[in-house]
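Dear colleague,

I am handing over the structure we spoke about, and my notes on what was found in it follow below. Please read them with the coordinates open beside you.

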Amino acid sequence: MAVWSRAVVRWRCRATNLTRGFCYKPFENNLKVPPAAVSPASCREAKGRNVRWVFLGCPGVGKGTYAARLSKLLGVPHIATGDLVRQELSSHGPLASQLADIVNQGQLISDEIVIDLLSKRLEAGESKGETGFILDGFPRTIRQAEILEGVTDIDVVINLKLREDALIAKCLGRRTCSECAGNYNVACIDMKGEDGKTRMYMPPLLPPLHCETKLIMRSDDTENVVKERLRIYHEMSQPVEDFYRMRGKLLEFDLPGGIPESWPKLLQALNIYDDEDKKSAAA
């Protein structure tokens, strides 16, 4: 625990200048009415700031995808606890066997293990001069949220939401290239709207030709395991959402569709204006 505290406290005290040309205006305490977006010209002289954001959301909702895009845009590291767990599994280290049993049963990793892995990642990043962060998959419990609250000030907690049938289809369609580690999704989701909502369409994210024969599926992406993972997540996530909602930091974002449709709307919700990323998202 002391290692975790030291790493984050040292890290948060560094100053930073963001590396991309974008504009971001911090939220007021109440996120229900975020301030208007700022144009790029008006903040060319603005000083960079630490970005301390958290992504919440069910497994498979797309936290990693959107957090990685924002990480590139804002020039801060994207730290995904799921990736840390998978790296530990592939390392065949002392935790690998224990983690394999937990993951294959669809259970959530304990606070102690997650904090230990995250502490090591923060210390490694701090030694490289990293500053700021976008956390993906942490915190998942009230205890984790309280630990994080005690060592750093989180700016915004983005809670991504997606209807459950689409979530299950997304999880079952996930694929990874065994050679380049690229992430893809072979599911084509086309669902009628419910309760007056519009149709949900999410096209597949297909790999390039040279990756097609190298795709692998995660061992825990079976329907039973996915449903159990979602059940556990919903059971544990509500208190964490309430924790940040009471502090005026929770931003609820319902994904309206795939990346081309959702990305510009997420930037708008976060009051970020960026021409380059707007064009690339629409491409």
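Please keep in mind throughout that this is a predicted model. I begin with a pair of strands, E2 (residues 52-57) and E4 (residues 133-136), which run parallel to each other and are joined over 4 bridges; among the residues involved is Arg52, whose bridge partner in E4 is Phe133.

These two strands belong to an open sheet of 5 strands, which are arranged in the order E3-E4-E2-E5-E11 with parallel pairing. Strand E3 (78-80) and strand E11 (250-254) form the edges, each of them pairing on one side only, and from one strand to the next the twist averages 20°. Helix H9 (residues 259-269) packs on this sheet, where it touches strand E5 (156-161) as well as E11, and the direction of H9 makes about 155° with that of E11.

Two residues other than glycine have a positive phi. Ala181, with a phi of about 70°, is found in the loop between strand E6 (174-177) and strand E7 (183-185). Asn271, with phi near 60°, is located in the loop that connects H9 and strand E12 (272-273); Asn271 counts as buried because its relative accessibility is 4%, where the cut-off for buried is under 20%.

Note on methods
Residues numbered from 1 in each chain as written. Predicted model: local features only at pLDDT ≥ 70, side-chain atom pairs only at ≥ 80, totals over all residues. Heavy atoms only, no water. Pairing = 2+ DSSP bridges. Axes fitted to C-alpha atoms, helices over the stretch in contact; angles between N-to-C directions. Contact = heavy atoms within 4.5 Å. Buried < 20%, exposed > 50% of the residue type's maximum accessible area, 1.4 Å probe, protein only.
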